[in-house]
Amino acid sequence: MMGLNRFERPVVVQVGRHGAERIVVDVNDAATILLRDLHRQTAKRKVAMDACLQVLRGEAHPPAARRAFVAAAIEAKILRSD
């Protein structure tokens, strides 16, 4: 099941000004960052969380969650590479 949640291409984010870059390779990683590191409750964060949950439940495919995660990361100014 883990392989079914992987992103085709990783997303690189940097949480915090002095935080290390993190390579997000799957829906689980994305959901963890959304939950633990993005504290502002925004519409894009909610869409990304919902997309990750849908993938984890088998109701959607990873590219949808990746797109939503990238949008939330751009909004939070943590995206380093897409």
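Reply: Start with helix 2, residues 43–56. Helix 2 has 14 residues and reaches 20 Å from its first C-alpha to its last, close to the 20 Å expected at 1.5 Å a residue. The expected span is 1.5 Å times one less than the number of residues. Helices (H or I, at least four residues) and strands (E, at least two) are DSSP runs, numbered from the N terminus.

This is a predicted model: local features need pLDDT of at least 70, and side-chain atom pairs count only at pLDDT 80 or more, while totals for chains, interfaces and linings use all residues. Residues are numbered from 1 along each chain as its sequence is written, and side-chain values use heavy atoms, with hydrogens and water left out.

Buried in helix 2 are Arg45, Ala48, Met49, Ala51, Cys52 and Val55. Buried means under 20% relative accessible area, exposed over 50%, and partly exposed in between (1.4 Å probe, protein chains only). Down the axis of helix 2, the buried residues fall within an arc of 160 degrees, so they line one face. That arc is taken over the directions from the helix axis to the C-beta atoms. On the other side of helix 2, Ala43 and Lys46 are exposed. Leu53 also lies in helix 2. Leu53 counts as partly exposed because its relative accessibility is 38%. From Leu53 to Asn28 the C-alpha distance is 9.3 Å, across 25 residues of sequence. After helix 2 comes Gly58, with a positive phi near 80 degrees.

What does the buried face meet? The buried residues of helix 2 pack against helix 1 (27–36) and helix 3 (62–75). Contact here means heavy atoms within 4.5 Å.

Take helix 3 next. Its end C-alpha atoms are 20 Å apart, which agrees with the 20 Å that its 14 residues should span at 1.5 Å a residue. Its buried residues include Ala65, Phe69, Val70 and Ala73. The buried residues of helix 3 pack against strand 1, strand 2, helix 1, helix 2 and strand 3. Phe69 ties several of these parts together: beyond its neighbours within four places in sequence, Phe69 is in contact with Val11, Val13, Val24, Ala30, Ile33, Leu34 and Ala48. Ala48 is one of the buried residues of helix 2. Just after helix 3, Lys77 has a positive phi of about 60 degrees.

Two strands pair if DSSP finds at least two bridges between them. Five bridges join strand 1 (residues 6–14) to strand 2. Val13 has Arg22 of strand 2 as its bridge partner.

Last, the core. The largest nonpolar core has 24 residues, and Val13, Val24, Leu34 and Phe69 have the most contacts inside it. Strand 1, helix 1, helix 2 and helix 3 each give two or more residues to this core. The largest share, six residues, comes from helix 3. A nonpolar core is a set of buried Ala, Val, Leu, Ile, Met, Phe, Trp, Tyr and Cys residues joined through side-chain atoms within 4.5 Å.
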